[in-house]
Every structure is written in C-alpha cells, then in structure tokens.
Amino acid sequence: MPKDGGSLFESFLNMANSIIGAGLPFAFRESGVFAGILLLIGLTALVDWTIRLLVYNAKLSGRNSYQEVMQFCFGKNGLIVISGFQLVFAFGGMCAFCVVIGDTIPHVITSLFPGIINIPVLNLFTDRYFVITFCTIFISYPLSLYRDISKLSKASGLALISMTIIVTAVIIEAPQVDQKLRGSSEETWTFIRPQIFQSVGVISFAFVCHHNSLLIFDSLRKPTLNRFAAVTHLSTGISMLACLLVALVGYLVFTDKTEGNILNNFPEDNVTINIARFCFGFNMFTTLPLEAFVCRESIEIYYFSNAPFSTKRHVISTTIIVMGAMIVSLLTSDLGIVLELTGGCSATALAYILPPACFLKLTSGQWWSRKKLPAVLCIGFGISVMILSTILSIIKIFTNKK
C-alpha cells in the first residue's frame, strides 16, 4: 500500500466538500416538511451505499476509475456512457459555481463597502464579469492544476468552515426576519406535496459525489474498503445533518416563499447573511477544482488511457476545461433549466443506476437473490427518478416559455 497520499481526515474534507453543495429548504418546499425529512435521510443512506458499492466494484474488477470499471463491465459502450455522464455533470457544476461567484461576491462587496464603487480599480470588484474572471484565473485555476486531489484538502477544509458559517447564519437570522418576508403559516406542516419528485432531483444533485469518490479513495494513504467506508459514513452523515438544519430552519420560516438559494430570502442589508453570501461564493471557487479533476480524468481515460503522463497535456486540458466553464458563465447569468435537465439526469445515472448495474455484472447469482435484489431495486428507482425529472424539466421549459 502507498504510504504517501491523504489521511482519513483529508479525504473526509474533500468528500464532504463535494457533497455539501447547497442548502435544501427549497426541496422541503417541493416535497412537504415531513416527506422532505424522510427523503433526505433515505437518499443519504442510498448515496452512502452506492458510493461504497462503486469502490467495491473497482476492487472486484481490478480497476482504478469509474470509467475503467464501466469499460470492464460493458465494453466501449460503457466507457462512452460514463464519460458522457461524468463530463456533463462535472462541467455543468463548474459553470454553475462560476455563476454563483459572479452573482454573490460583487453584491457582498458592494454591501460591505458601499464607497468602493467610487474608487478607481477597486470598483472592478463590484462587476460580475471581472469577479468571475479574477476568481477563476487566480484562485480556481491554480488549484485545478494539482495532480493529487488530496492537495485540495486544505482548500476543502476552508470551504467546510464557510459552510458552517452559512448554516449558523441561517439558523440565527431566519427566526428574526421581518414578518413581511415570512411565508404562509398554513403551508408549514404539510406532510407531502405533489412536487415531491422534483425534490428527489434537488437532493440527489446536491449529494452526488460518485464522480469524485474513486479519486478520493486512491488519494488515501492506505486505501482499504474499511478506511474508505469510514470516510463515506462521516462525510454523508455530517453533510446530511448540515443540510437538514438549514432545510428545516429555512423552510419553517419562509415556507411557500422559499427560494432555491435560501440566502436570497434575506434582506440585502443583513450583515450576517452578507458574510454567509461571501462564504458561499468562496465555497464555490474552492469546490470548482474538484469538478475540474473529474473532467480532466474523463478526457485522459477516454483519449489517452495508454499514453504516459504529459505535463504539457495536463496543463492544456486543465486550461481548456476551466476557461471553458468561465466563458460559459460569462455568457449567461442563469444556466437554469439546462443544468436542471442535464445535471439531474446525470446525477441519477451516476448515483443510482450505474454502480448497481456494474455490481450485477461483476457478481454471480440470480437477480432476485438476496445479494442482488437491492441493486435491482436501486436501478429501478434511479430510472424512475431520471425519467420523471427529465419529463418535469421539459414541462418546465415549455411552461416558462408561455
């Protein structure tokens, strides 16, 4: 076993940073508070299982990446499928992170330093386009150039501190908001709502980190299934508690007015929330390199699997990926339904369909056996969610056009 690499704690930081992408009050608005709690707990357990199942599949197949496992199980078609899903999900996440940076940081700077708009040069930090370009080139891009994902553990640690601040700010400030900003009290204790299937997509998108899991496993100092299981349990458990806290407090206050980004429900002049907004933006440009790792690995394995490492190719591919995401975010301020459609579809495939499908291929026995039946049920669940989320997203596209 390699003696270098990241410790359990460093791997936990990277995995938790991959998982904690957004608060989930909006998911509770869609599903109802009690159904939301059950969904969050249930999907966390399912994600935890499929992450570990993916690494178990890698052990059974003797492969080191998600793509290689899929190729071993399903040949060239498997490689094409997984490369497409991973690239779309990871690159879409990078674009979304850049958009959040541009929509968050300038607003916070303007609120904290009102006079900066009149100061030459410094007033550029109130401009969305400049901030996206500056943060991407000078922060996210250098971090993305690392070859060892464990090197990002310090940045991931800072990002998790930021998420802790966000959670604390929402818990403290939400109960104190003006009555005019609060939602209807009649909506508070709804058990289940018709939009529950949309909430499954929201929760799944937030929790999927399967595209990073084998990178994190390989970065462990002593990569064993038991050590990785400890990382997975700790990461998913803490992420669930953080999301549950924010979701409950945010939804119970704002109910039917709850927005996709809970921080947008608060007044613009709330200092504590503005600090949380800054932390959210900071979290985005430290999480972006994790997704860049995945994009780069997808390209390397698909096109250069038999080629030796090339520093030149590494720099060129990283530059194209990161700058491509930056350019997309500069061209639009709302990826909206595009990310909802492609990301939701990719997330369900990466988490609920492909890992159990590989497990069925790699193990012997009848599909209805006690060993294989959970994997079959998981695939059925994943396909159902994918179809429903895709249909609902398409309906939303046409509804918004009217």
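**Notebook: helices, salt bridges, a patch and a pocket**

I looked up L87 first: at 34% relative accessibility it counts as partly exposed. Buried means under 20% relative accessible area, exposed over 50%, and partly exposed in between, with a 1.4 Å probe and protein chains only. L87 has its place in helix α4 (residues 66–112). I also checked its distance to E291, 204 residues apart from L87 along the chain: the two C-alpha atoms are separated by 9.1 Å.

I note that this is a predicted model, in which local features need pLDDT of at least 70 and side-chain atom pairs count only at pLDDT 80 or more, while totals for chains, interfaces and linings use all residues. Residues are numbered from 1 along each chain as its sequence is written, and side-chain values use heavy atoms, with hydrogens and water left out.

**Whole chain**

I looked up the fold and found 13 helices and zero strands in the protein chain. Helices (H or I, at least four residues) and strands (E, at least two) are DSSP runs, numbered from the N terminus. Of the 402 residues, 51% count as buried.

**Salt bridges**

How many salt bridges does the structure hold? I found two. The term stands for a side-chain nitrogen of Lys or Arg within 4 Å of a carboxyl oxygen of Asp or Glu. Side chains of opposite charge can pair when their charged atoms come close.

D48 and R52 are four residues apart in helix α3 (residues 33–61), so about one helical turn separates them. R52 counts as partly exposed because its relative accessibility is 28%. D48 has a relative accessible area of 7%, so I wrote it down as buried.

E300 and R313 also meet through their side chains in a salt bridge, at 3.0 Å from N to O. This pair links distant parts of the chain, with E300 in helix α10 and R313 in helix α11, 13 residues apart. R313 is buried, because its relative accessible area is 17%.

**Nonpolar patch**

I then looked up a nonpolar patch on the surface, formed by L112, F113, L158, I161, I165, V271 and I275. Together these residues have about 620 Å² of accessible area. Patches are made of residues with over 30% relative accessible area and no salt bridge; like charges are joined within 9 Å, and nonpolar side chains (Val, Leu, Ile, Met, Phe, Trp, Tyr) within 5 Å. Accessible areas come from the Shrake-Rupley method with a 1.4 Å probe, and for residues only the protein chains shown count as cover.

Which helix gives the largest share of the nonpolar patch? I found that α6 does, with three residues. Helices α6 (153–173) and α10 each supply at least two. I165 lies in helix α6, and its 35% relative accessibility is why I165 counts as partly exposed.

**Second largest pocket**

Last, I looked at the second largest pocket, which holds about 650 Å³ of space. On a 1 Å grid over the protein atoms alone, a pocket is an open set of points where a 1.4 Å probe fits, with protein on both sides within 12 Å along at least five of seven lines; lining residues have an atom within 4 Å of a point. Grid points are joined across faces, edges and corners, and a volume is the space filled by probe spheres set on the points.

I found 21 lining residues, with R147, L215, E297, E300 and I301 nearest the centre of the pocket. The largest share of the lining, six residues, comes from α10.
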